[in-house]
Amino acid sequence: KIERTFEQSEAEDLEAVEEELTSRGYQDEEDLEYKLLVARQEVMRKYKNLRLEAAKSLLFDHDNFSVDPVAGEIFPGGIREVTFSFMPDNATSFKAMAALEVDGVVDRIPVTLRGTGLGPKAKFLFEQLDIGKVYINAVHNYSVELENDGQIDVDYKFETIPGSRFKCTPPSGRLGRVPDNTQTIIFTFSASQEGKFEETIKCWLKGNQDPITITFKGEVTGPTFFFERKSLEWGNVSYGFLTTKNVSIVNSSEIPMRFSLRVPEDEKYMQREFKMVPPTGQILPSDTG
């Protein structure tokens, strides 16, 4: 169809050129013949270039499939080997249609190209870790192995989530193949709020549409402490006299703790009867105050 269009347009342009030059009324026929020859060559050169451009646009062109050679000539009784190559750029299925066009043959021979891209594969040695009870604001490190169990190198990157309790080190990198197919990932945990938690961390592999994940769960608790004595007995004390008793507070946790002491019942009276020294302070881990 395209060739027929070119032929028709070329014939119309040649005819128009001849009519235009003939209408000028050249007296010298040789001069007219020369100008006609030049004009015809210009028109023919124009359509030759247009055919070349059209042929290039019809050649097979695809981002993931290629053909080599894309065009050529086969002699009578000859055989020509054609190589189809598949180059996936993502872990998904690909499909393309190609067609073999032969000069002098009306119908083209269709060729369907299909392929599935296999992306990189990696996994954590476990998918979930229960870290149990951890103290508020304490810093804990957990080591987890990330392993490349595929056939190609893996570029990975951990997803950054604002407000996450975890920090991943290294945050990104590359896993080769055996023996360089593992990487120790350090997950640093610190939380500023008490309570149970469950957090899933995503790790994206370049070329894969879905991430791999690892889930941490546990409970954040405050510091633990106790008084060395359960009660203080003053007995009978004369009005207006000061009597002092000492008691120690033991910080039994692994983090520093701040304390503030008060006697709620004593706050009901205009003149307080109890005074605590110091009323506030900080006690180091496994220490007394």
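**Exercise 1: Overall form**

The protein contains 2 helices and 17 strands; helices (H or I, at least four residues) and strands (E, at least two) are DSSP runs, numbered from the N terminus. This is a predicted model, in which local features need pLDDT of at least 70 and side-chain atom pairs count only at pLDDT 80 or more, while totals for chains, interfaces and linings use all residues. Residues are numbered from 1 along each chain as its sequence is written, and side-chain values use heavy atoms, with hydrogens and water left out.

Solution. 
1. Along the principal axes, its C-alpha atoms fill a box of roughly 145 × 50 × 25 Å.

**Exercise 2: One residue**

Task: Determine where Thr221 is found, and whether Thr221 counts as buried or exposed.

Solution. 
1. Thr221 belongs to strand β13, which covers residues 212–221.
2. Buried means under 20% relative accessible area, exposed over 50%, and partly exposed in between (1.4 Å probe, protein chains only).
3. Thr221 has 18% relative accessibility and therefore counts as buried.
4. Leaving aside residues up to four places away in sequence, Thr221 touches Lys133, Val134, Tyr135, Ile136 and Glu194; contact means heavy atoms within 4.5 Å.
5. In the protein, buried residues make up 23% of the 289 residues.
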